[in-house]
Amino acid sequence: ALEVYQSLLEKNEETQQRRAELLLDKRRFGEVLEILPQNIDELSPAWAGLHGAALYYLGQSSAARLLLEKAWNKGQRNDRVLRPLARLWAEEGDPIQAGTVYQILQDTMENKLTLDDYALMARVAILGGFGDISDEEKVNYYEQCVAQAGTRILNFSFAKEVLSERLDLWK
């Protein structure tokens with residue numbers, strides 16, 4: 001599909017946005033930045049989200065935050081924008097905002113959530129990002145993370161935190 005979009009002679013905005021989405025899906029983040037419109041200050045919410053997502057995955061969180069938040073504030077609810085935004089807010093200590101976004105992702109795109117997402121959702125639950133939920137519901141987030149990881153849990157960067165918090169909640 002990516003090759004078809006690359007070969008199209010007409011380079012309209014919709015085609016270019018679709019191409020950027022496909023590049024994000026293929027983890028070709030630098031190429032997403034190369035096809036952005038020239039005037040970055042006037043990016044549409046959709047372009048801001050795609051640009052922010054690419055920057056996030058390239059490790060440029062502070063630049064990504066501005067663009068992802070612009071897309072969010074203008075109503076963008078594409079999973080390519082929501083996942084990096086939720087992760088960013090969870091990693092940077094904004095559990096309420098992260099919880100709001102992760103709730104949308106759980107309701108609409110749960111099959112696209114990764115092990116990292118499940119670990120961050122568990123952290124968000126502990127920090128109150130999903131509202132006033134019971135310890136049993138918090139444990140449930142950790143259980144989802146452990147189930148997603150399976151035997152790979154020990155190789156996972158969040159393993160100690162996930163297993164420790166899960167154990168503390170069981171007590």
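Me: The expected span of a helix is 1.5 Å times one less than its number of residues. How do you know that helix H5 agrees with this in the predicted model?

Reply: Helix H5 covers residues 61–73, which is 13 residues, so the span should be 18 Å. The end C-alpha atoms of H5 are 18 Å apart, and the two values therefore agree.

Me: Which residues of H5 are buried, and what makes them line one face of the helix?

Reply: Buried means under 20% relative accessible area. In H5, this applies to Ala64, Leu67, Leu68, Ala71 and Trp72. Viewed down the axis of H5, the buried residues fall within an arc of 140 degrees, so they line one face of the helix.

Me: What covers the buried residues of H5, and which exposed residues does the face turned away from the buried side carry?

Reply: The cover includes helix H4 (45–57), helix H6 (79–91) and helix H7 (95–109). On the face turned away from the buried side of H5, the exposed residues are Ser62, Leu66 and Asn73. H5 is followed by Gly75, with a positive phi near 95 degrees.

Me: Why are H2 and H4 called roughly parallel to each other?

Reply: Two packed helices are described by the angle between their axes and the distance between the axes. The axes of helix H2 (residues 13–25) and H4 cross at roughly 25 degrees and come within 11 Å. Angles under 35 degrees count as roughly parallel, and H2 and H4 therefore receive that description.

Me: What is the handedness of the crossing in which H2 passes H4, and which residues make the contact?

Reply: H2 passes H4 in a left-handed crossing. On the side of H2, the contact is made by Glu13, Gln16, Gln17, Ala20, Glu21 and Leu24. H4 contributes Ala46, Trp47, Leu50, Ala53 and Ala54.

Me: Why is Arg27 called exposed, and where is its place?

Reply: A residue counts as exposed over 50% relative accessible area. Arg27 has a relative accessible area of 59%, and is therefore exposed. Its place is in the loop between H2 and helix H3 (29–34). Phi of Arg27 is near 65 degrees, a positive value in a residue other than glycine.

Me: How many helices and strands does the protein have, and what percentage of its residues count as buried?

Reply: The protein has 10 helices and 0 strands, following the pattern α-α-α-α-α-α-α-α-α-α along the sequence. Of its 171 residues, 46% count as buried. Among contacts with a separation of 6 or more, 51% are accounted for by residues 24 or more positions apart.

Terms used: Residues are numbered from 1 along each chain as its sequence is written. This is a predicted model: local features need pLDDT of at least 70, side-chain atom pairs count only at pLDDT 80 or more; totals for chains, interfaces and linings use all residues. Side-chain values use heavy atoms; hydrogens and water are left out. Helices (H or I, at least four residues) and strands (E, at least two) are DSSP runs, numbered from the N terminus. Buried means under 20% relative accessible area, exposed over 50%, partly exposed in between (1.4 Å probe, protein chains only). The arc is that of the directions from the helix axis to the C-beta atoms. Contact means heavy atoms within 4.5 Å. Axes are lines fitted to C-alpha atoms, for helices over the stretch in contact, and angles run from 0 to 180 degrees between N-to-C directions. Angles under 35 degrees count as roughly parallel, over 145 as roughly antiparallel, 65 to 115 as roughly perpendicular and the rest as oblique. A crossing is left-handed if the near helix is turned anticlockwise from the far one by less than a right angle, and right-handed if clockwise.
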